[in-house]
Every structure is written in C-alpha cells, then in structure tokens.
Amino acid sequence: MIKVAVFGANGRMGKVLCEASLSADYAQLSAALVRKSNALIGQQVGIFLGHRDTELIFTDESLLSCDVDVAIDFTLPEGMKVHLAHAVQQKVPMVIGTTGLSSDEMQILEEAAQHIPIVFSRNYSVGINLLENLVQVAAKTLSDDIDIEIFEAHHRHKIDAPSGTALMIGEAIAKAKGWEHADVAKFDRSHDDIEKSQQEIGYSVMRGGDIVGEHTAYFAAEGERLELTHKASSRMTFAKGAVRAAAWVKGKPNGLYTMQDVLDLR
Ligand SMILES: NC(=O)C1=CN([C@@H]2O[C@H](COP(=O)(O)OP(=O)(O)OC[C@H]3O[C@@H](n4cnc5c(N)ncnc54)[C@H](OP(=O)(O)O)[C@@H]3O)[C@@H](O)[C@H]2O)C=CC1
Ligand SMILES: O=C(O)C1=N[C@H](C(=O)O)C[C@H](O)C1
C-alpha cells in the first residue's frame, strides 16, 4: 500500500487526485495539503469531496507531520517550487504534473531530482503517452512536403498556453525530425509577410467552457493529411495515471523520470 500526499488538494486536479488515491486498491490518501492561509485546514477531506468516508483532515503544505511515501503536485509553477523544496527537505519522492514551467523552473526540477526520485510529465494519460510515440513515427515516415501543426483546446480556466501536452508533442516531433524545438516552434503568424517554412511546428490554442483537454497533431501534405487526435473527457484519467506513477516511483533511485518510463513505452 502506497501512502500518498496531494499538494493543492483543493484545486480541480487536487480534488480528483484525492479521489483517485482513495479509490485505488494499492494506494491510500495520507495527506491532503493546502496553502497555510486556506480555510480548509482542519476540515474533513471527506466532506469536501462530497461523499467519501475518510477521517483525514486538510493540513498545510509543509509536509512536516506527514507519514507519506510519495507526494503529488498538480498546482502552478510558483506552488510547485515551494512543494518541491519541502519534498527534498523531507526526502519524499514526487510525481509532478504542473505545466507552464520556465526553463529556470525545469532546471530547479532537475537539480531536485539529484536528491529525490521525481516523475514529471505534462500529461499522465496513457493515450497521450502513446500519441507521443505515434507522432514520432508519423514525423519520420511522412518526411517530404509535410506541414506540421498542433492544435489544443482546454477549459476557460486554463492559464498556460500552449498546453504542456502540446509542447510535449511538438518537442517529440522536433526530436524525430532532428530539429531544435526552439528554432522551429511557431506560436504567432499574425505579423508574417512570407509563406510558412516547412521546417516549422505551428501551434494554435482554444480556451472555452469545460473542455478537459484535446490535442491534434496535423501532418498536412499536398494530396493527403494525417490527423492524430487525443480527447480527454475526464480529469480522472490524469489522476489515475499520476497515482500509478506514485506507486512506480516509490523506492526508485534519485533521478528525473517521465510517464514513458512508468508505462515502459521508451
Ligand atoms: N500533467 C497532467 O496530466 C495534467 C496537468 N495539469 C496541470 O495541473 C495544474 C493545476 O491545474 P488545475 O487543477 O486545473 O488548477 P486549479 O487552479 O484548479 O488548482 C491549482 C491549485 O494550485 C494551488 N496553488 C496555486 N498557486 C500556488 C502557490 N503559489 N502555492 C501553493 N499552491 C498554489 C491552488 O491553491 P489556491 O486555491 O490556494 O490558490 C490550487 O490548489 C496546471 O498546471 C495544469 O496544467 C492538469 C491536468 C492534467
Ligand atoms: O490544465 C489542464 O486542464 C491540463 N493541463 C495539461 C497540459 O497543459 O497539457 C494536461 C491536460 O491537457 C489538462
């Protein structure tokens, strides 16, 4: 049985991560952590979740009085950095799903992985991790006369854009093509006065309503077009993947892992 702590337990993903930890027969929710200032501290997690029969109460994010094996963080970059520091201090392995990290924040993650094992993935669904491999096959096979574009759609509350997953797909394609992603990523065409280059990965973004997460990679040639699409219809998909990653990372040597490692897809 793996003892799980969830940071940002009051968030959209935090709530579902608590549910997933309570539901998995190989996991138990041992700590539901929120910011020090949060009025939920001392209140029952079960009442917050609506129906769950658990004695657990919300505690603050210091991880200090927690008996846990792995901590999961799906928050925002500023929060993730604080949570990571607590986890390194307490020597607690982490599963991180927070997106929108800057290159400096990625470096902080890599440094922390020298002290604890960390799984970091911008998408914990099995389907997207498979898609990451499929787009590489497409990028290598459809090598000539091809335009590559990535479209993503998410709910109106999502802040970072393009999504972490869209970037993850783009980076996988760039790697398969032998391109530097930073050189070929195209986020804005509004000021262009020439035709697009074929050494380019274009991104487009939609935000609206309650869309959980949709991603399409387009490989468009003259005469044919391949579209590879993934649609997530429930946040529970990500949460189950993260709890699975938590069970996997327990006892692993220090280092930075991905969901591809957890799923043995490399
Ligand atoms: N990798 C994956 O598979 C997936 C990743 N995500 C990512 O998960 C993250 C969270 O998404 P979502 O649940 O929708 O977001 P929410 O806005 O619903 O929740 C954010 C949570 O982070 C906390 N938080 C924000 N800032 C800080 C801070 N500075 N210090 C401590 N805690 C903080 C919030 O606490 P408070 O309420 O106190 O502000 C809240 O608990 C996003 O980065 C999203 O992209 C989402 C789905 C899947
Ligand atoms: O914020 C979200 O909701 C999601 N974020 C992740 C991302 O940025 O790719 C994963 C998922 O698509 C949902």
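Helix H1 (residues 12-23) lies across E1, E2 and strand E4 (70-73), and runs at about 155° to E2. Contact here denotes heavy atoms within 4.5 Å; axes are lines fitted to C-alpha atoms, for helices over the stretch in contact, with angles from 0 to 180 degrees between N-to-C directions. Helices (H or I, at least four residues) and strands (E, at least two) are DSSP runs numbered from the N terminus. The model is predicted: local features need pLDDT of at least 70, side-chain atom pairs count only at pLDDT 80 or more, and totals for chains, interfaces and linings use all residues. Residues are numbered from 1 along each chain as its sequence is written, chains are lettered from A and ligands numbered from 1 in the order in which they are written, and side-chain values use heavy atoms, with hydrogens and water left out.

Seven strands form an open sheet with parallel pairing, in the order E3-E2-E1-E4-E5-E6-E12; two strands pair if DSSP finds at least two bridges between them. Strand E3 (58-60) and strand E12 (255-257) stand at the edges with a single partner strand each, so one side of each is left without a neighbour in the sheet. From one strand to the next, the twist averages 30°.

Strand E1 (residues 2-7) pairs with strand E2 (residues 27-34) in the parallel sense over five bridges. Within this pairing, Lys3 has Gln28 of E2 as its bridge partner, and Val6 has Ala32 of E2. The chain passes from E1 through H1 to E2 in a right-handed β-α-β crossover, a term used if, with the strands pointing away from the viewer, the path from the first strand over the helix to the second runs clockwise. E1 also pairs with E4 in the parallel sense, over four bridges, and Ala5 has Ala71 of E4 as its bridge partner.

Four aromatic pairs are found in the whole structure. The ring centres of Phe74 and Tyr124 are 5.5 Å apart and the planes are at 45°, so this pair is tilted; rings of Phe, Tyr and Trp (its six-membered ring) pair if their centres lie within 6.5 Å, with planes under 30 degrees apart counted as stacked, over 60 as edge-to-face and the rest as tilted. Both Phe74 and Tyr124 are buried.

Key: Buried means under 20% relative accessible area, exposed over 50%, partly exposed in between (1.4 Å probe, protein chains only).
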